Amino acid sequence: MQRVFSGIQPTGNLHLGNYLGAIRNWVRLQERFECLYCVVDMHAITVWQDPAELIASTRSVAAAVLAAGVDAERQILFNQSRVAGHAQLAWVFNCVARLGWLNRMTQFKEKAGKHRENASVGLYAYPNLMAADILLYKATHVPVGEDQKQHLELARDIAQKFNNDYGREIFPIVEPLILGPAARVMSLRDGTKKMSKSDPSDYSRINLVDDADTIALKIRKATSDAGVVPDTPQGLEGRPEAANLLGIYAALTDAELQDVCHGFAGSEWSRFKSQLADRAVAALSPIGAEVRRLLADPGHIDRVLADGAARAEAIAAPILAEVYDIVGFLNTPRRG
Ligand code: AMP
Ligand code: TRP
């Protein structure tokens, strides 16, 4: 069976963009693949994290993944730092990846900003750790958002160079899975900006733990425009807020954008928004309630993650041993 690996950072509250762009796809992929889902706490500390908050965020992201429907008994859900192989393979990859490759990474440039000299070495080497996450399990399919495509290409380059350098076809070539119409959910206040946990306005996003009244209020207050719902997606051109609201509706109902436009053609925003709010509440309220229920028992979440890590470790151990053997490290049982 083909293997899926994906990771999500344990930072802040998850929102509708994370759900439609990432977690919902994780739930759907478990029907078709063997899946490993990882809360990447080691990636998180590439920028400063308050230790107590990091623990809380790790649990709450794990709770959201479970609440959305990932079956942690059938699939593997764990936090990255529990499986030492991620760091071990990342070191080997630090020695495979070239400085020139990392220098091209746009996420580093964005995150480091003007003060590059002050960025952590970890932030720079971040894509090597991400390649290790995937290749430690020889995963073949990786669901990610558009923003992570460049990192995945780097993972392919690392796999290929390792295979070439050592003359062994050990690592598979990884395929990105960029799924669904909602690969990008935009801010409810400004349709040209991504919905993001770092936006200072809470009205820009719908959090997975917002209650029904809050969800409905945020949608009612969402920026729209002076027009009405057009009868085709072409009528959304140059109307980013309108396109976003209709796109969210389509994603939440698994419908085609053109069918949603057709169904609401000529409608005032107030009428459309009240329908959208109903759909959003129906999709998210049960998840929010389940997150709150799970977080009331952190011991349970910790046991789920520990159990997932033990099963991940069992897959990773022979692969890491194979890599160490190929590289020429004398600390593993050797064949010859
Ligand atoms: P982040 O919170 O940016 O670390 O993203 C975690 C996951 O959610 C990644 O897979 C992102 O691609 C996805 N994601 C984050 N924001 C959005 C958004 N506004 N629309 C769609 N997907 C998103
Ligand atoms: N870098 C990814 C993000 O920020 C998270 C991530 C870490 C990841 N390791 C991964 C995603 C491996 C897919 C596969 O969204």
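Predicted model: local features only at pLDDT ≥ 70, side-chain atom pairs only at ≥ 80, totals over all residues.

Colleague: OK, and within what distance do the axes of α10 and α12 come?

Modeller: Within 10 Å. For orientation, α10 covers residues 240-253 and α12 covers residues 269-295.

Colleague: Is the crossing of α10 and α12 left-handed or right-handed?

Modeller: Left-handed. On the α10 side the contact is made by Ala 242, Leu 245, Leu 246, Ile 248, Tyr 249, Leu 252 and Thr 253. On the α12 side you have Trp 269, Phe 272, Lys 273, Gln 275, Leu 276, Arg 279, Ala 280 and Ala 283.

Colleague: How many nonpolar, polar and charged residues are in the contact of α10 with α12?

Modeller: There are 11 nonpolar, 2 polar and 2 charged residues.

Colleague: What about α1 and α10, at what angle do they cross?

Modeller: Roughly 40 degrees, with the axes coming within 12 Å. That angle is why α1 and α10 are oblique to each other. The crossing is left-handed, and α1 itself is residues 16-29.

Colleague: Which residues meet there, between α1 and α10?

Modeller: From α1, Leu 16, Leu 20 and Arg 24; from α10, Ile 248, Ala 251 and Leu 252. By class, that contact has 5 nonpolar residues, no polar ones and 1 charged. Ile 248 and Leu 252 of α10 also turn up in the contact with α12.

Colleague: Back to α12. At what angle does α9 pack with α12?

Modeller: About 145 degrees, with the axes of α9 (residues 212-221) and α12 9 Å apart. The α9/α12 crossing is right-handed. α9 brings Ala 212, Ile 215, Ala 216, Ile 219, Arg 220 and Lys 221, while α12 brings Lys 273, Leu 276, Ala 277, Ala 280, Val 281, Leu 284 and Ser 285. The class count for α9 with α12 is 9 nonpolar, 1 polar and 3 charged.

Colleague: Changing topic: how many residues surround ligand 2, and which are the closest?

Modeller: 13 residues surround ligand 2, and the closest are Gly 7, Tyr 126, Met 130, Asp 133 and Gln 148.

Colleague: How far is a polar side-chain atom of Tyr 126 from a nitrogen atom of ligand 2?

Modeller: 2.6 Å. For Asp 133, a polar side-chain atom lies 2.7 Å from a nitrogen atom of the ligand.

Colleague: And Gln 148, what's the distance there?

Modeller: A polar side-chain atom of Gln 148 sits 3.0 Å from a nitrogen atom of ligand 2.

Notes:
Residues numbered from 1 in each chain as written. Chains lettered and ligands numbered in written order. Heavy atoms only, no water. Axes fitted to C-alpha atoms, helices over the stretch in contact; angles between N-to-C directions. Helix = DSSP H or I, 4+ residues; strand = E, 2+ residues; numbered from the N terminus. Left-handed = near helix turned anticlockwise from the far one by under 90°. Contact = heavy atoms within 4.5 Å. Nonpolar A, V, L, I, M, F, W, Y, C, P; charged D, E, K, R; others polar. Near = heavy atom within 4 Å. Polar contact = N/O pair within 3.5 Å; in protein donor to acceptor, adjacent residues only side chain to side chain. Parallel < 35°, antiparallel > 145°, perpendicular 65-115°, else oblique.
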